[in-house]
Amino acid sequence: MVSKLVKIIFPFLVILVLTFIIKRKFKRKLKEFLNFIFIFLLTILFFKLLQVISFNCGKELQSSYNSEMVISTYDLYKEKVTSQGSISIKTSEPKIIVATPKVAKKRKNKRRKIQITKKETKMVEKVVYAEARGECFKGQVAVASVIFNRYEYNKRKISIKDIILAKNQFANISNITQEMLDQYPDCKRAVQKALRGYDPTRKKFKNGARYFYEPALVSEYQREIRKGVKTLKIGNHYFHNDFHE
């Protein structure tokens, strides 16, 4: 409102100053004419001020009227419901809709299409126990995924059992008992998670990794031949594929 008043008053002040200067330098008739103009301008200024004041008052009245309408509308939501001689008040409050940003949906893991027996599932659990029982859960799932990735890479021509028992591929599991597995229930959970399609090695490898090693447990030669190979570190293990990939 103040800015509007300034915009209206400022031109009239300029005209007033100019009128005063001219009145001091020119003749009587011109002075009378300028007096007439001055009174005319003052009249216009007066009506302009009234217009601005009435406009702002109207806005305030409208806003107060709107707030009263909102309150009365809210009261209409309250209904008295009579049941079995008692009166209960059923209140239905206006719903507030909050806009939330769209979040990209996470890709669901598809369950692996693997023909695996209960005995083979137990063998995978033993491999996870032997190779990664001290690793984080993610690392245990990754070890189980390596076995399943090899099975799928070979187009299911080799059984899970043959993959696990292949020479110099995984730790010996012949001496691992059920009692030992019971002490590490995460091994079983990790295998089930991998079977449901979760594979942390796919973060770097499109079809998942098929090999892994722990630098502290392999020979200098094994570490040397792996130089330059793309790897993914999870816990203490490094996951990778064939050297030429």
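Biologist: How many residues has the largest nonpolar core, and which have the most contacts inside it?
Modeller: In this predicted model, the largest nonpolar core has 33 residues. Those with the most contacts inside it are Val124, Ile147, Phe148, Ile160, Ile164 and Phe239.

Biologist: Which elements give two or more residues to this core?
Modeller: They are helices H3 (118–132), H4, H5 (160–165) and H7, together with strand E4 (232–234). H4 gives the most, with 8 residues.

Biologist: And what does Ile160 touch?
Modeller: Leaving aside residues up to four places away in sequence, Ile160 touches Ile114, Ile116, Glu120, Val124, Ile147, Phe148 and Tyr151.

Biologist: Turning to the helices, at what angle do H4 and H7 pack?
Modeller: H4 (residues 137–153) and H7 (residues 186–195) pack at about 55°, and their axes are 8 Å apart. The two helices are therefore oblique to each other, and their crossing is right-handed.

Biologist: Which residues make that contact?
Modeller: H4 contributes Phe137, Gln140, Val141, Ala144, Ser145 and Phe148. From H7 come Asp186, Cys187, Arg189, Ala190, Val191, Lys193, Ala194 and Leu195. By class, the contact has 9 nonpolar, 2 polar and 3 charged residues.

Biologist: How do the axes of H3 and H7 cross?
Modeller: The axes of H3 and H7 cross at roughly 120° and come within 9 Å. H3 and H7 are therefore oblique to each other, and the crossing is right-handed. Thr121, Val124, Glu125, Val128 and Tyr129 of H3 meet Cys187, Lys188, Val191 and Gln192 of H7. That contact has 5 nonpolar, 2 polar and 2 charged residues.

Terms used:
Residues are numbered from 1 along each chain as its sequence is written. This is a predicted model: local features need pLDDT of at least 70, side-chain atom pairs count only at pLDDT 80 or more; totals for chains, interfaces and linings use all residues. Side-chain values use heavy atoms; hydrogens and water are left out. Axes are lines fitted to C-alpha atoms, for helices over the stretch in contact, and angles run from 0 to 180 degrees between N-to-C directions. Helices (H or I, at least four residues) and strands (E, at least two) are DSSP runs, numbered from the N terminus. Angles under 35 degrees count as roughly parallel, over 145 as roughly antiparallel, 65 to 115 as roughly perpendicular and the rest as oblique. A crossing is left-handed if the near helix is turned anticlockwise from the far one by less than a right angle, and right-handed if clockwise. Contact means heavy atoms within 4.5 Å. Ala, Val, Leu, Ile, Met, Phe, Trp, Tyr, Cys and Pro count as nonpolar, Asp, Glu, Lys and Arg as charged, and the others, Gly among them, as polar. A nonpolar core is a set of buried Ala, Val, Leu, Ile, Met, Phe, Trp, Tyr and Cys residues joined through side-chain atoms within 4.5 Å. Buried means under 20% relative accessible area, exposed over 50%, partly exposed in between (1.4 Å probe, protein chains only).
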